[in-house]
Amino acid sequence: MANAATRTYRRILKDARICSFECTFCAECAEKRFANLCPNCGGNFVPRPVRPIGKLARFPASTKRFTKAHAVCADLQA
């Protein structure tokens with residue numbers, strides 16, 4: 001489970017959105033930039049489930065990052 005947004009790298013502690021392929025976006029980007037449709041697969045977003053605190057030690061969040069440029073995110077590119 002990713003702990004940062006796919007495009008902005010914003011750390012996501014709560015209120016994240018995922019698609020069926022587990023692309024992870026902050027709620028603001030999912031709603032305002034992508035109109036609740038994943039720019040990678042076209043599927044809808046749902047609230048990301050929360051991993052119970054007691055499971056994080058054995059099953060930590062992934063540190064591997066995957067990114068993909070999206071036209072609506074051009075203003076975020078450095």
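User: How are helices and strands assigned and numbered here?

Analyst: Helices (H or I, at least four residues) and strands (E, at least two) are DSSP runs, numbered from the N terminus. Take Arg51: this residue lies in the loop between β3 (46-47) and α2 (53-56). Before we go on, note that this is a predicted model, where local features need pLDDT of at least 70, side-chain atom pairs count only at pLDDT 80 or more, and totals for chains, interfaces and linings use all residues. Residues are numbered from 1 along each chain as its sequence is written, and side-chain values use heavy atoms, with hydrogens and water left out.

User: Thanks! Is Arg51 buried, partly exposed or exposed?

Analyst: Buried means under 20% relative accessible area, exposed over 50%, and partly exposed in between (1.4 Å probe, protein chains only). Arg51 has a relative accessible area of 23%, so this residue is partly exposed.

User: Which backbone oxygen does the side chain of Arg51 reach?

Analyst: First the rule: a polar contact is a pair of N or O atoms within 3.5 Å; within protein, one must be able to donate a hydrogen and the other to accept it, and residues adjacent in sequence count only if both atoms are side-chain atoms. Here the Arg51 side chain reaches the backbone oxygen of Pro60 at 3.4 Å.

User: Where is Arg17 found, and what does its side chain make a polar contact with?

Analyst: Arg17 belongs to strand β1 (residues 16-18). Its side chain pairs with the side chain of Glu31 in a polar contact of 3.2 Å. Arg17 counts as buried because its relative accessible area is 14%. Contact in general means heavy atoms within 4.5 Å; beyond four places in sequence, the residues that Arg17 touches include Phe25, Glu31 and Phe45.

User: How many disulfides are there?

Analyst: A disulfide is a pair of cysteine sulfur atoms within 2.5 Å, and the count by this rule is zero. The closest cysteine sulfur to that of Cys19 is in Cys23, 3.7 Å away, which is too far for a bond. Cys29 is in no disulfide either, with the sulfur of Cys26 nearest at 3.6 Å. Cys19 is buried at 3% relative accessibility, and Cys29 is buried at 3%.

User: Which residues make up the largest nonpolar core?

Analyst: A nonpolar core is a set of buried Ala, Val, Leu, Ile, Met, Phe, Trp, Tyr and Cys residues joined through side-chain atoms within 4.5 Å. The largest has ten residues: Cys19, Cys23, Phe25, Cys26, Cys29, Ala30, Phe34, Cys38, Phe45 and Cys73. Two or more of these residues come from each of β2 (24-26) and α1 (27-33).
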